Amino acid sequence: MRKKIAAANWKMNLTLQQGEKLLDDIIALPHTLKKHQEAVFAVPFPYLAMSQQKVAGKEHVFIAAQNVYTKKSGAYTGETSVEMLQSIGIQVVVLGHSERREYFNESNQFLADKVNICLEYNITPIFCCGEALNIREANGQNEFVGTQIKESLFHLTSDQILKVVIAYEPIWAIGTGKTASSDQAQEIHAYIRSVLAEKYGTAIANEISILYGGSVKGSNAKELFAQPDVDGGLVGGASLNAQEFVTIINSLP
Ligand code: PGA
């Protein structure tokens, strides 16, 4: 069975003290993670070590970075390397979030390099893709997302692609309160899986977790996650509230 994942994306929010309290509150609320389920917290860089300590020894819980650079080390002021992340025990990195693509000009090719270095260091990339509103309105979402996936991931071997998690996040649904309907999510997730199947075969495509992101909340998570090709969510706003995020974790099938 492929993994079902509830991933929190704190983005550039919270102070250290607020982040500590949020993790404490989440840990204290009743939630269970079965063998095939994971909770991931993508926290700001300065809170990675604190967060790692908070979840130490908790099974199926991972702390993730929200970005990483393509180089191993060197004169790249302000950047963070996979080696650094690995040295503090980080095993997951969010890559290619639409905010990074838009504000920091991250291209499909640049993201392919980031995917490569993560895999070289055995770090799981949560690779984000998704279309803007004008593309959706012109019904171009499949082609757009297909190209993002092909250009950033299709150079990978079968063994490598199995280590990647994909997060489909329509830009028009991020932080807008406008969630894709569960039917819309299922439709494009199934398409993404078909693109993966064409390249890598059905057996491999069926093993790859595809998360949905964009205004996931406690009240809509269960319906979205019940779709056959939706394997959990990447959650921004609602992940900053302990009760909301625990409800989302508990909505994983
Ligand atoms: P949102 O953000 O849940 O606030 O819409 C999702 C994301 O950007 O990952």
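Predicted model: local features only at pLDDT ≥ 70, side-chain atom pairs only at ≥ 80, totals over all residues.
User: Where do I start with the ligand? Which residues come nearest?

Analyst: Start with the surrounding shell. Here 13 residues lie around the ligand, and Lys11, His97, Glu169, Gly175 and Ser215 come nearest.

User: What is the make-up of that shell by class?

Analyst: Sort the residues by class. The shell has 7 polar, 4 nonpolar and 2 charged residues.

User: Which polar atoms face the oxygen atoms of the ligand?

Analyst: Look for N or O pairs within 3.5 Å. Lys11 places a polar side-chain atom 2.7 Å from a ligand oxygen. Glu169 also has a polar side-chain atom 2.7 Å from an oxygen of the ligand. Ser215 uses its backbone instead: a polar atom there is 2.7 Å from a ligand oxygen. As for cover, the ligand alone exposes 280 Å², and the protein buries 95% of that.

User: Where is Gln66 found, and which backbone oxygens does its side chain reach?

Analyst: Gln66 sits in the loop between strand S3 (61–65) and helix H3 (82–87). Its side chain reaches the backbone oxygen of Lys11 at 3.1 Å. The Gln66 side chain also reaches the backbone oxygen of Ala42, at 3.2 Å.

User: How do I read a helix pair? At what angle do H7 and H9 pack?

Analyst: Take the angle, the spacing and the hand. Helix H7 (residues 141–153) packs with helix H9 (residues 182–200) at about 40°, and their axes are 10 Å apart.

Note on methods. Residues numbered from 1 in each chain as written. Heavy atoms only, no water. Near = heavy atom within 4 Å. Polar contact = N/O pair within 3.5 Å; in protein donor to acceptor, adjacent residues only side chain to side chain. Areas by Shrake-Rupley, 256 points an atom, 1.4 Å probe, with all protein chains shown as cover. Nonpolar A, V, L, I, M, F, W, Y, C, P; charged D, E, K, R; others polar. Axes fitted to C-alpha atoms, helices over the stretch in contact; angles between N-to-C directions. Helix = DSSP H or I, 4+ residues; strand = E, 2+ residues; numbered from the N terminus.
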